[in-house]
Amino acid sequence: MLPPKPALLAGAAVAAWLLYTKNRRRRVVITGCCGNLGRKLGAHLQAQGVEVVGIEHPDYCAKGSAPPCDRVVQGDAQRASDASGRPWRRVLKGADAVVHFSAVNPYPNATWHEASESMDHAFNMALAAADAGVPRFILASSNHVMGGYKDDREHGAVTPWDPPRVGT
């Protein structure tokens with residue numbers, strides 16, 4: 001008997017993947033899920049039928065109402081594990097994407113120390129996502145970095161080559 005042709009094997013793999021993804025609910029993890037943008041994205045994704053897992057610092061969770069998530073995992077993103085001591089990769093395993101909003105202070109008045117702590121959040125989550133095999137890691141931000149362009153009608157579209165212009 002002849003071995004199967006590579007194209008046939010590739011086609012079978014694609015068909016199996018399509019059947020798997022068709023029958024599986026998508027899952028997105030949002031860090032900073034209790035914040036303004038995290039709440040908006042969580043609500044939008046849930047309306048699309050996506051399972052939303054939120055990650056938030058316990059102190060921030062206690063300040064407001066529950067975010068629009070199927071479940072919230074509490075913990076400090078500056079640490080290698082959640083509040084119960086489970087490594088972040090265990091929380092992220094099986095996710096289709098991580099959208100990272102978490103920050104120590106997301107506002108323009110953040111100190112350099114707070115900004116470096118926020119970079120720790122991003123670094124820890126990106127490493128955990130890679131370790132968990134998450135195919136997409138989206139490093140999101142508020143509009144504060146480029147928000148100064150919003151009232152500049154002459155500037156046109158903001159591009160990746162434009163320098164930061166802090167605004168609200």
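User: Which helices and strands each supply at least two residues of the lining of the largest pocket?

Analyst: Keep in mind that this is a predicted model. Here's the general idea: rolling a probe the size of a water molecule over the atoms shows where empty space is left. In this structure, helix H2 (36-47), helix H3 (58-61), helix H5 (112-132) and strand E2 (51-56) each supply at least two residues of that lining. H5 gives the most, with six residues.

User: What is the volume of the largest pocket, and which residues lie nearest its centre?

Analyst: Its volume is about 1300 Å³. The lining has 41 residues, and Phe101, Ala103, Asn105, Pro106 and Tyr107 lie nearest the centre. Split by class, you get 20 nonpolar, 17 polar and four charged residues.

User: Now the sheet. Is the pairing parallel or antiparallel?

Analyst: In general, strands of a sheet pair through backbone hydrogen bonds, either parallel or antiparallel. Here the pairing is parallel: five strands make an open sheet, ordered E3-E2-E1-E4-E5. Strand E3 (71-74) and strand E5 (137-139) are the edges, each pairing on one side only. On average, neighbouring strands are turned by 20° against each other, direction ignored.

User: How many bridges join E1 and E2?

Analyst: Strand E1 (residues 27-31) pairs with E2 over five bridges, in the parallel sense.

Methods. Residues are numbered from 1 along each chain as its sequence is written. This is a predicted model: local features need pLDDT of at least 70, side-chain atom pairs count only at pLDDT 80 or more; totals for chains, interfaces and linings use all residues. Side-chain values use heavy atoms; hydrogens and water are left out. On a 1 Å grid over the protein atoms alone, a cavity is a set of points where a 1.4 Å probe fits but cannot get out, and a pocket is an open set with protein on both sides within 12 Å along at least five of seven lines; lining residues have an atom within 4 Å of a point. Grid points are joined across faces, edges and corners, and a volume is the space filled by probe spheres set on the points. Helices (H or I, at least four residues) and strands (E, at least two) are DSSP runs, numbered from the N terminus. Ala, Val, Leu, Ile, Met, Phe, Trp, Tyr, Cys and Pro count as nonpolar, Asp, Glu, Lys and Arg as charged, and the others, Gly among them, as polar. Two strands pair if DSSP finds at least two bridges between them. Axes are lines fitted to C-alpha atoms, for helices over the stretch in contact, and angles run from 0 to 180 degrees between N-to-C directions.
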